[in-house]
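Trainee: I am new to this structure. Could you walk me through it, one feature at a time?
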Amino acid sequence: MHLARFPRARFAHLPTPLEPLPRLGAELGIDLWVKRDDCTGLAGGGNKTRKLEFLLGEALAQGADTLVTQGAVQSNHVRQTIAAGARFGLASEIILEERTGSKALDYVGNGNVLLDRLMGAAIRFVPGGTDMVAELEASAEAVRQRGGKPYVIPGGGSNVVGALGYVDCARELIVQADERDLRIDRLVTATGSAGTHAGLVAGFAALSVDVPILGFGVRAPKAKQEENVFNLAVATAETLGAAGRVTREMVVADCDYVGEGYGLIDQGVIDALTLAARTEGLLLDPVYSGKAMKGLIDHARKGAFKGERVVFLHTGGAQGLFGYHSQLDAALAPA
């Protein structure tokens with residue numbers, strides 16, 4: 001596994017901290033740690049920054065002048081992509097899908113959307129259910145027609161190039177654990193566009209590390225989510241020169257905590273956000289890490305992690321909390 005073979009633009013704050021969560025762990029009755037990928041540094045940080053180091057590396061190697069990508073209205077990926085483009089003098093053409101259907105002013109104008117505009121991206125909104133692959137190509141073609149050179153990044157930065165960022169995270173995490181004589185029994189994270197989850201699976205497989213990964217889904221049903229992660233993990237491992245090392249059993253997603261749908265929050269998510277904030281000062285987001293923590297809390301309270309040391313990969317996104325102010329404010333009460 002020799003990642004220096006691949007173009008990379010280095011700007012993330014790495015390694016991110018690996019920290020214990022003693023008060024939250026005690027509340028749940030488990031030995032709980034957190035891998036702080038909310039601390040990657042780019043426009044507030046988040047997991048997409050690791051992916052973007054490799055994606056920007058390829059874009060710059062190809063001489064691109066414009067990044068073209070898409071996401072939901074409160075996309076953390078979009079925020080970090082725009083920031084990476086600004087860092088290297090590349091324009092950003094952004095498509096935001098109205099996936100939740102919310103027209104609330106804080107949702108469409110605050111949080112990540114406000115930061116997107118602050119950083120100067122060209123943004124257009126499309127209705128939920130739009131063919132986003134077609135929209136990406138339409139935006140890229142418009143850039144070409146203007147004489148520009150686009151670099152198209154899929155939603156979430158989740159292709160083989162982006163997944164290399166989480167191959168590197170897998171290596172980084174194991175090095176940190178080994179340096180502290182810290183045995184990890186399970187890694188838990190959110191799983192959505194599949195790149196983070198797939199990169200971790202491929203990274204552990206390439207390193208021959210036997211640590212199970214549990215991904216809590218945020219959108220797709222279990223069968224579809226696991227299929228997406230598995231296919232990308234296999235392709236990523238092949239790119240690394242580790243073909244055949246990823247098996248289907250390595251990919252596990254629990255999609256029972258999605259709730260009413262992607263980007264829609266419920267009391268379980270609010271409770272998870274509140275518990276993490278009030279026990280550890282740990283700020284999660286409503287869409288990804290909040291739902292993963294909702295799942296982790298429920299599993300722990302049912303005894304699923306008894307006797308295990310669990311590491312929670314925090315994928316960032318607290319900036320999105322401000323897009324949910326009207327929903328959160330009504331539900332929060334003083335401790």
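Mentor: Helices (H or I, at least four residues) and strands (E, at least two) are DSSP runs, numbered from the N terminus. Pro15, for instance, is found in the segment before strand 1. This is a predicted model: local features need pLDDT of at least 70, side-chain atom pairs count only at pLDDT 80 or more, and totals for chains, interfaces and linings use all residues. Residues are numbered from 1 along each chain as its sequence is written, and side-chain values use heavy atoms, leaving out hydrogens and water.

Trainee: How many helices and strands are in the protein chain?

Mentor: The protein chain has twelve helices and ten strands. The C-alpha trace spans about 60 × 50 × 35 Å along its principal axes.

Trainee: What share of the 335 residues is buried?

Mentor: Buried means under 20% relative accessible area, exposed over 50%, and partly exposed in between (1.4 Å probe, protein chains only). Buried residues make up 56% of the 335 here.

Trainee: What share of the contacts joins residues at least 24 apart?

Mentor: Contact means heavy atoms within 4.5 Å. Take the contacts between residues at least 6 apart in sequence: 80% of them join residues at least 24 apart.

Trainee: Why does Gln319 count as buried?

Mentor: Because its relative accessible area is 15%. Setting aside neighbours within four places in sequence, Gln319 is in contact with Ala43, Gly44, Arg79, Gly111, Asn112 and Leu115.

Trainee: Which side chain makes a polar contact with the side chain of Gln319?

Mentor: A polar contact is a pair of N or O atoms within 3.5 Å; within protein, one must be able to donate a hydrogen and the other to accept it, and residues adjacent in sequence count only if both atoms are side-chain atoms. For Gln319 the partner is the side chain of Arg79, at 3.1 Å.

Trainee: And where is the place of Arg8?

Mentor: Arg8 lies in the segment before strand 1 (18-20). It is partly exposed, because its relative accessible area is 22%. Not counting residues up to four places away in sequence, Arg8 touches Leu14, Glu53, Phe54, Gly57 and Asp168. With Glu53, the side chain of Arg8 also forms a polar contact of 2.8 Å. Gly162 is 154 residues from Arg8 along the chain, yet their C-alpha atoms are separated by 11 Å.

Trainee: What should I look for in the backbone?

Mentor: Most residues other than glycine have a negative phi, and most peptide bonds are trans. Against that background, the bond from Leu14 to Pro15 is cis, with omega near -5°.

Trainee: Which value does phi of Asp181 take?

Mentor: Phi of Asp181 is near 50°, a positive value in a residue other than glycine. Asp181 is in the loop between helix 7 (160-179) and strand 7 (186-191). With 73% relative accessible area, Asp181 is exposed.

Trainee: Is Ser208 buried or exposed?

Mentor: Ser208 counts as exposed, at 61% relative accessibility. Its place is the loop between helix 8 (195-207) and strand 8 (213-217). Phi of Ser208 is positive too, near 60°.
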